[in-house]
Amino acid sequence: MENIKEWILFYTSHFYLADFMLILLVFLFFTCILFLCIFLSHRPIVALFIIALDIIASFFIYIYAYRFIDFELRSRITSIQNQRIIQSSGAFIVDFNITNTSKFNFKDCKVTAKLYQNPNENDNFITRFKKRFIAFRQKSKSFNNLEKGSTQFQRIAFDNFDKEGNYTLRLSSECF
């Protein structure tokens, strides 16, 4: 519960006006369709079906519109420069650059490195799905003050890394 509270406080303090307008738009869309279902109360099956579609549509509108706002207002580029395993300590080091390509300065940035296992040909569907979409290791790095047009070099280290070359590394970033 404390984690949810911290997550909500973080995002509400870092959202732009466009983010709050998106939340308001999704809420208004949801309530308008919900009022339509009130008028269809004499057909409960149809109204229930429309409510289910309304929930799904509101979810997808928020996800894709947030992604659009994130790419347009808070555009940035992360690129992996180097990755290596240090044999003596068993650490996996990821060196990367993050470049601010937006019109605004970023006060807070968080880059998350996720390691995924590569699926084998012998794996069944569920194991392939799990290896492709669920990370077996992840680590985040937070930093402050990334000015527009500037690039910062950062490093993330995974301790006790014992995997050989059968993994995929993906970086994701959030900047506000």
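Me: How do the residues in the lining of the largest pocket divide by type?

Reply: Eight are nonpolar, six polar and six charged. Here Ala, Val, Leu, Ile, Met, Phe, Trp, Tyr, Cys and Pro count as nonpolar, Asp, Glu, Lys and Arg as charged, and the others, Gly among them, as polar. This is a predicted model, where local features need pLDDT of at least 70 and side-chain atom pairs 80 or more, while totals for chains, interfaces and linings use all residues. Numbering starts from 1 along each chain as its sequence is written, and side-chain values use heavy atoms, without hydrogens or water.

Me: Which residues lie nearest the centre of the largest pocket?

Reply: A pocket is an open set of points on a 1 Å grid where a 1.4 Å probe fits, with protein on both sides within 12 Å along at least five of seven lines; lining residues have an atom within 4 Å of a point. In this model 20 residues line the largest pocket, and Y66, D70, S172, S173 and E174 lie nearest its centre.

Me: Where does the largest pocket lie relative to the domains?

Reply: Domain bounds come from an automatic or database assignment. Domain 1 (2-73) and domain 2 (76-175) both contribute residues to the lining, so the largest pocket lies between them.

Me: How many Å separate the centres of domain 1 and domain 2?

Reply: Taken over C-alpha atoms, the centres are 30 Å apart. Six residues from domain 1 and six from domain 2 make the contact, meaning heavy atoms within 4.5 Å.
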